[in-house]
Amino acid sequence: MIEIKNLTKRFGKITAVDNISFTVNDGEIVGFLGPNGAGKSTTMNMMTGFISSTEGSVTIDGYDILEEPEKAKKRIGYLPEIPPVYPDMTVSEYLDFVCDLKKVKKSERKEMLQEILENVRLVEVKNRLIKNLSKGYRQRVGLAQALVGRPGTLILDEPTVGLDPRQVLEMRDVIKTLGEKHTVILSSHILQEVSAVCSRVIIINKGKIAANGDSSDLSDAAVGSKISLEIKGEKEAVEQAFSDLEYIESLEISEKGENLEVKLSGAEGADIREAVFKICADNGLVVLEMKNDDLSLEEIFMRAVSGSDEEAALEKERQAISAETQAQVEAQTSEEAEADEEGFDYIADNAEIITAEADEAENAEEEEETEGDLE
């Protein structure tokens, strides 16, 4: 269990983290979200003991990270955004080195390392140099070092950054599997990833907790502010009925068979159901169905971090453009990434042949130069 109480970090006059408190229970996979500069990395660095807090405390399984650092850190496995690996070591050599750093008993290493290699799917590359691995495999090696010593808690900072779509899916599966035996805190900018993996989300903005709960709880907090209706009537009549209403922020109308599907949203926290029903009744619109629309994690995130409705709309548009651009880049680079990985595999499997061919070509060139000198 992790307990954060009144945690604050100031850098001079700047308050990066402002009096936040939350708890992560055993067995949870928690997504830690926030825009750039919100205080995520600073909070994670304090949680791992990398930097000290100005005020407040971090407790890991009852041990304060600053007062009893050795006992607390033994219970944490940390994967920073850039994996701390040594490229000139093989995977097995590196993990054995990490065992030395974490003072793992030699009698326990063989069984533990085999289990870790199987969990993060590195068995087939354990004897290869890390520098010859693809980025996806190097990320897994970083995750493997976090698991050395069997810590109860894993703190993962952007574990899928820079990976191609296939590698992202594989990493998600690995994290889900680890979540069965570990408490996991996952920081990510990819909201779809958090939705797919995490049981709860904590959103931080400007150094403060902006939201904390699972997606359904956070969506229920906005009940009645976003609804869908099936209406029997004419489109023009619906548009006229809901025109110029201050509490209706958006209106979408589409055909649904012989009827109309109408999506409305109001201001945050405003329950518009009763007013909408009354408008329909006054204008002779037959309501066949009315239901709440659950907010997506993207919408929850936008509501939590945006200072105004206009800012939220602009941010949502930027996110859509960014997602479209990212999809295009991923589609373009996916094949290149697979080709690179195949290339790494070929070089590793045929290193002796490639070296021999290179030596042979070099010798042949030297012989030609020698013959030319003799002539």
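This is a predicted model: local features need pLDDT of at least 70, side-chain atom pairs count only at pLDDT 80 or more; totals for chains, interfaces and linings use all residues.
A pair of aromatic rings is described by the distance of the centres and the angle of the planes. Three aromatic pairs were counted in the model. In one of them, the ring centres of Y86 and Y94 lie 6.2 Å apart. Their planes meet at 50°, so the pair is tilted; edge-to-face would require an angle over 60 degrees. Y86 is partly exposed, at 46% relative accessible area. Y94 is buried, because its relative accessibility is 2% and the cut-off for burial is under 20%.

Y86 also pairs with F97. Here the centres are 5.6 Å apart. The planes stand at 85°, so this pair is edge-to-face. F97 is partly exposed, with a relative accessible area of 27%. Together, Y86, Y94 and F97 make up one aromatic cluster.

Charged side chains also sit over rings. K9 lies over the face of F11, 5.3 Å from the ring centre. R140 places its charged end over the ring of Y137, at 4.8 Å from the centre. Both distances fall within the 6 Å cut-off for a charge over a ring.

Methods
Residues are numbered from 1 along each chain as its sequence is written. Side-chain values use heavy atoms; hydrogens and water are left out. Rings of Phe, Tyr and Trp (its six-membered ring) pair if their centres lie within 6.5 Å; planes under 30 degrees apart count as stacked, over 60 as edge-to-face and the rest as tilted. Buried means under 20% relative accessible area, exposed over 50%, partly exposed in between (1.4 Å probe, protein chains only). A charge sits over a ring if NZ of Lys or CZ of Arg is within 6 Å of the ring centre and within 35 degrees of the ring normal.
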